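Me: Hi! I have a structure here that I'd like to talk through with you. Could you help me find my way around?

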Amino acid sequence: MNESLSFGYPTLPLLVKALRAEARLSILKSLKDGPKASSAIFTDLRSNGFPDMEKSTFYYHLLLLKSLGIIYEVSQIIGAGKPEKVWGLAAEHIIIKLVS
């Protein structure tokens, strides 16, 4: 994990969109103590305020955070079925550069 992740002013609207959703903030909270498998994060969300969340909605939130580089795929757990992704926070802090 990096110490900080920097965003420039042009990406500010995307960053605000990503962080204003309570579900996405809950995903980040779930990862604060270290990487977790998708299923563990989903269980955290369902037991902490999002009991009716569908898996498709959950994956939408994960992929939005990944597209901004806020989280990343740490590894995969290979099992009997499809491999499960393990996610981690990309950085401890987010820095917004308003002037370049």
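Me: Which residues of helix 2 are buried?
Reply: In this predicted model, helix 2 covers residues 22-30, and its buried residues are A23, R24, S26, I27, L28 and S30.

Me: And what covers them?
Reply: The cover over the buried residues of helix 2 includes helix 1 (12-20), helix 3 (38-47) and helix 4 (55-67). Strand 2 (36-37), strand 3 (71-77) and strand 4 (84-89) are also part of that cover.

Me: There's a serine in that list, S26. Why does S26 count as buried?
Reply: Its relative accessibility is 14%, so S26 counts as buried, the cut-off being under 20%.

Me: What does S26 touch, leaving out residues up to four places away in sequence?
Reply: With those left out, S26 touches L45 and F50.

Me: OK, on to the core. Which residues touch the most other members of the largest nonpolar core?
Reply: Those are I27, F58, I70 and I71, in a core of 23 residues. Two or more residues each come from strand 1 (2-8), helix 1, helix 2, helix 3, helix 4 and strand 4.

Me: Which element gives the largest share of this core?
Reply: Helix 4 does, with four residues. As a general point, nonpolar side chains tend to be buried together in soluble globular proteins.

Me: Which residues in strand 4 are the bridge partners of K36 and A37?
Reply: K36 has W87 as its partner, and A37 has V86. W87 is also the bridge partner of E73.

Me: How many residues lie between strand 3 and strand 4 in their hairpin?
Reply: Six residues lie between those two strands.

Me: I've been looking at V74. Where is V74, and what does V74 touch?
Reply: V74 is in strand 3. Not counting residues up to four places away in sequence, V74 touches P35, V86, W87 and G88. Its relative accessibility is 36%, so V74 counts as partly exposed.

Me: How far is V74 from A90?
Reply: Their C-alpha atoms are 9.6 Å apart in space, and the two residues are 16 apart in sequence.

Me: Now charges. How many salt bridges are found in the whole structure?
Reply: A search of the whole structure finds three. In general, side chains of opposite charge can pair when their charged atoms come close.

Me: Which residue does D44 pair with?
Reply: D44 meets K36 in a salt bridge, at 2.5 Å from N to O. D44 is partly exposed because its relative accessibility is 21%, and K36 is partly exposed too, with a relative accessible area of 25%.

Me: And what about E73?
Reply: The side chain of E73 forms a salt bridge with that of K85, at 3.8 Å from N to O. This pair links distant parts of the chain, with E73 in strand 3 and K85 in strand 4, twelve residues apart. E73 is partly exposed at 28% relative accessible area, and K85 is partly exposed at 29%.

Me: K32 and D33: buried or exposed?
Reply: Both K32 and D33 are exposed. They form a salt bridge as well, with their closest N and O atoms 3.5 Å apart.

Me: Last topic, the surface. Which residues form a nonpolar patch there?
Reply: Y9, I94, I96, L98 and V99 do, with about 520 Å² of accessible area together. One of them, I96, lies in strand 5 (residues 91-97). I96 counts as partly exposed because its relative accessibility is 37%.

How values were computed. Residues numbered from 1 in each chain as written. Predicted model: local features only at pLDDT ≥ 70, side-chain atom pairs only at ≥ 80, totals over all residues. Heavy atoms only, no water. Patch = residues over 30% accessible without salt bridge, like charges linked within 9 Å, V, L, I, M, F, W, Y side chains within 5 Å. Areas by Shrake-Rupley, 256 points an atom, 1.4 Å probe, with all protein chains shown as cover. Salt bridge = Lys/Arg side-chain N within 4 Å of Asp/Glu carboxyl O. Buried < 20%, exposed > 50% of the residue type's maximum accessible area, 1.4 Å probe, protein only. Contact = heavy atoms within 4.5 Å. Pairing = 2+ DSSP bridges. Core = buried A, V, L, I, M, F, W, Y, C linked by side-chain atoms within 4.5 Å.
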